[in-house]
Amino acid sequence: VIVVDVAVSHYAEQVTTDTLVTEAHRLQGQDRREGRRAVVDTIIGAKGGAGECRYALIDRRGIRIAGDLPSAPMGWGNVKVAERASPGDPPDAASEMRTYGVALGDRSLLAVGSNSYDVAELRDWLNSIALWTGIGITLLALGAGYLIASIFLRRLDRINTAANVVMLGGL
């Protein structure tokens, strides 16, 4: 179970990493081909959707152009972000987002973030399964050990009784 936990956690982290890098480079290429307005439109379009990424486009002077992701560092980083609440719901507690920032042609920063809550939740679930499986296996081993020991001791007791009868001359 622990091997599955490690494998699934590694896979989920790799998928998040690949998603962030791919999305950042896609928008970086879009900026080169179609210009800044196209990137801004893409970010604004993604904001209303149910996409898994959040964005920040910040110009070289530090002014936010688009996106709702808090400032993120160039390269890899983590930021705390309150998730978007549904209309009428209170805002959720802040969760950690994995971010990847790249520079655009004019030294602007484009950061892409993805919520790692699902990965953490999956990891917690797998850890609890590992814990309960370990407890179950331990209890099963204790029960089986008790059963085997009691059978062995009964047989040993019969052998001791037979040996005592032989030693007392009662063949």
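Two strands are taken to pair if DSSP finds at least two bridges between them; strands (E, at least two residues) and helices (H or I, at least four) are DSSP runs, numbered from the N terminus. The model is predicted: local features need pLDDT of at least 70, side-chain atom pairs count only at pLDDT 80 or more, and totals for chains, interfaces and linings use all residues. Residues are numbered from 1 along each chain as its sequence is written, and side-chain values use heavy atoms, with hydrogens and water left out.

Strand 4 and strand 5 run antiparallel and are joined by seven bridges. Within this pair, Arg 98 has Ser 114 of strand 5 as its bridge partner. The two strands, strand 4 and strand 5, form a hairpin with five residues between them, and Arg 107 in the turn has a positive phi of about 70°.

| Element | Residues |
|---|---|
| Strand 4 | 94-103 |
| Strand 5 | 109-115 |
| Helix 1 | 2-34 |
| Helix 3 | 117-167 |

Helix 1 and helix 3 pack at an angle of about 175°, their axes 9 Å apart; axes are lines fitted to C-alpha atoms over the stretch in contact, and angles run from 0 to 180 degrees between N-to-C directions. The two helices are therefore roughly antiparallel (an angle over 145 degrees).

Val 79 lies in strand 3 (residues 75-82). At 11% relative accessibility, Val 79 counts as buried (under 20% relative accessible area, 1.4 Å probe, protein chains only). Val 79 and Ser 95 are 16 residues apart in sequence and 8.2 Å apart in space, C-alpha to C-alpha.

Note on methods
Angles under 35 degrees count as roughly parallel, over 145 as roughly antiparallel, 65 to 115 as roughly perpendicular and the rest as oblique. Buried means under 20% relative accessible area, exposed over 50%, partly exposed in between (1.4 Å probe, protein chains only).
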